Amino acid sequence: MSNFEFMQRMTFGQYLPTGSVLHRLDARARIVIFTAFLTAVTVAKGLPGLVLSLLLAVIGLLLARIPLGYALKGLLPPLPFLVILAVIQVLMRSRGTEAALFQFWLLRVTAGGLLEGVILLVRFASLVLWLSLTSFTLSVSELILGLNLLLRPLRRLRLPVDDLVLMVQVTVRFIPFLTQSAERIVKAQASRGAAWGQGSGGVLRRVRQALPMIVPLFLNSLRRAENLALAMDARGYGGNAARTSMHELNFQVVDWLAVGGSLLLAGLMVVWGVVI
Amino acid sequence: MESGWGAMNHLIEVNQITYTHDRQNGETPPALCGVSLQIAAGEMIAMIGSNGSGKTTLARHLNGLLLPTTGTVRVAGLDTSLPDNRQTILSTVGMVFQFPEDQMVATVVENDVAFGVENLGLRPAEVRQRVETALREVEMWAWRSRPPHLLSAGQMQRVALAGILAMKPRCIVFDEATAMLDPAGRRTVMEIMHRLHQEGLTIIYITHYMEEAAQAGRVIVLDRGQVALDGSPREVFSDAERLVKLGLDLPPAVKAAAVLHEVFPALPQDLLTLDDLLAALPHAPAGVVPPVAVSQTRPVEEFEAWIEVSGLSHTYLLDTPFAYQALQEVDMRVAKGGSQGLIGGTGSGKSTLMQHLNCLFKPFTGRVRVGQFDFNAPEVTVYQVCQMAGLVFQNPEAQFFEQYAGDEIAYGPRLQGLDKPVLRQRVQWAMEMVGLDFETFKDRLTFTLSGGEKRKVALASILALQPEVLLLDEPTAGLDPHSRKELIAHLQALRAQGMTFVVSSHHMDDLAVLTERLLVLHHGRVEMEGSLGEVFSDAEALQALGLAPPPAARIAEKLRQNGWPIPAGVVDLQELKNALVDMPGGMK
């Protein structure tokens, strides 16, 4: 195996075009739906609502035809931190007058505290799953297009919506190429005997060691940016005509139903176990 | 459209233009001085010239990306210096650039193709229709929803071209658009260029490949910002001496024709492309000794392997849905002092194999041994191996970080902790090996060096570690013919000193003179293996893999088919000449 494969560590934030029902919804509908659920997961207080959100996330993954194993893998890296957080939560919240389920020295666990811990775990797990589902089913280009259309009314306020959205798009497009570029540079310098990531000594020495990697990365990025600007110029960007888009989204009955249903479920998540 | 512009006028008129990059600093020589050109609609023009001759600067004047310091450029009668004409000119003259990935704007292919059309402010239905037509034209429709970074360089270049085609231009300028591509990718782009030309578009392309220039209807040669030659390929390529002086070369077919002409005086004088030359080769008259039958079973060569790879496989992005196998069960043996060539298209696994040979990648499955180092041993790392096997990456000058050439070369040996005088000696030795004068070049700023000089500095920076094995990944990519010839000569000298080579290249000519044995990779598998002669004489198998033998080998093969007794194993022009001179009878 290699220390030099940067792309492998970039699984989060991947788009998986499986062509499922979910992928075929209007981009704007998906943006609204995911925003609604992510907000609901964040603000929901009751356990039933959160369990419901976890279930809905799994249903969403199945609907999107994402291999469940791959999606659940995203839960593993933050799991140790979550468990520690949950344990702390359990201990901190078990202070009340409630009868202890379990007591050892100063450590006291009550039913209420345990519930808080479980709530925290479920909340974070479903948050991670919903975020993953968003990135699996909503490509950056769709996000950009959807945002562009959702934000369009702001043009009337003379906000440069198009330029802003294009800026996001170019930045995102640059990331994989930057990663590839960094990988090449590190490999090339390692081939000349540079000890990458084996820095020792003072700050100055470490900075000096990093220079052979950073200087070319910087210069290459500048060159790329310059070339990209030229290519965009050559294709008439910044002309007087108002930019159009190849995609026309049209909200269909399915989209309305999906958005309506999702908003209801998201509302249910927030109130279930608290109000009802 | 401006009045007075009619069908009789030229599509592009360049009138006495000069261009200076830095107007404040009077010392920099102008990149263009006094260039005038007329380009008629429907022409197919190749622009050639050494690095720094002003080709790219001139090309960028043709669509108004650059504006002349003095003089005028008119496109379809419109002055490029007037801002109001900008959009019309940009949609009349499109441009495809050298680096494929730098042109991609969007995160998905079809959105990228749509970018230019969207800038024209067309209706969505119209945009979609144009995107589809353009993607089908370059045969990339099936890839429309892919992110560009998962495409090969050749495919990205086709997408970039589609983005221009969708704007429906009358003329397309290709600025070294084939320089970063493998042979199959280059051939496809050239074919598309010819097809577009037949459909009535004006095509202008910059290239370092003389065989590509020979396919144009008109060749413009630039030298230090001026037009040195302008005429049909036949006229331009008739003066070999002049071309060499301009840092250029003859197309391989023209060179070969000159050699063949001594033996076959009846051969026509005006053959420019290899296909024409092959078709014109004479048949052997009756009575010529038939070719010696080459025994198919060759004796197994016994040698001790200095580099030994066995059963090597490698998978990128393991454990993700994007996993793909770059190498499958690869075996390779190179003798000490031997030279192994690697060929294969983009994505065939050449670079991955190379990076296993200096331990950047540890063998995942299989074994790799180089000299005394067994790479399967966990304690062996690239930091030890780099003094034994030096890897020169493709476009190595992109990794420069020191200001001065001398420091850049000293980086590797300095990390080994050499003393000042020894270090100095090392750097001096390394620079001499690549033909750079120590005193002249050690204090030169790296960014002021020419393309060829930069490549030499990069090579010297690896040689300074005094490796026994030199691993070269595309050593001549992007160099002009003159710099390429020089670099090859220095590499040949290193070979003669007994250094072991592994070279991967898209240039079969380079491999023909630098290596002895070849390994052909395709989708990570070894498809062919053998001596130069064995691999290059099997044109059919190579063609099936999107590759082609070097011109001399193809000519030798065709002569053999025509009944001439050419021995097997002829791969370069010199060998072909010798074979023809030695040929028994029927020559005069």
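This is a predicted model: local features need pLDDT of at least 70, side-chain atom pairs count only at pLDDT 80 or more; totals for chains, interfaces and linings use all residues.
Residues are numbered from 1 along each chain as its sequence is written, while chains are lettered from A and ligands numbered from 1 in the order in which they are written.

Chain A to begin. It is divided into domain 1 (9–138 + 249–276) and domain 2 (161–237). These bounds come from an automatic or database domain assignment. The centres of domain 1 and domain 2 of chain A, taken over C-alpha atoms, are 35 Å apart.

Now the contact between chains. Chain A gives 56 residues and chain B gives 63. Contact here means C-beta atoms, placed from the backbone, within 7 Å. On the chain A side, α7 (140–151), α8 (161–190) and α9 (203–234) each give two or more residues. Helices are DSSP runs (H or I, at least four residues), numbered from the N terminus. The largest share, 13 residues, comes from α9(A). By class, that side of chain A has 29 nonpolar, 17 polar and 10 charged residues. Ala, Val, Leu, Ile, Met, Phe, Trp, Tyr, Cys and Pro count as nonpolar, Asp, Glu, Lys and Arg as charged, and the others, Gly among them, as polar.

On to chain B. It has domain 1 (12–247), domain 2 (251–282 + 550–588) and domain 3 (305–548). Eight residues of domain 1 of chain B touch eight of domain 2 of chain B. On the domain 1 side, α7(B) gives the largest share, three residues. That side has five nonpolar, one polar and two charged residues.

Methods. Two residues are in contact if their C-beta atoms, placed from the backbone, lie within 7 Å.
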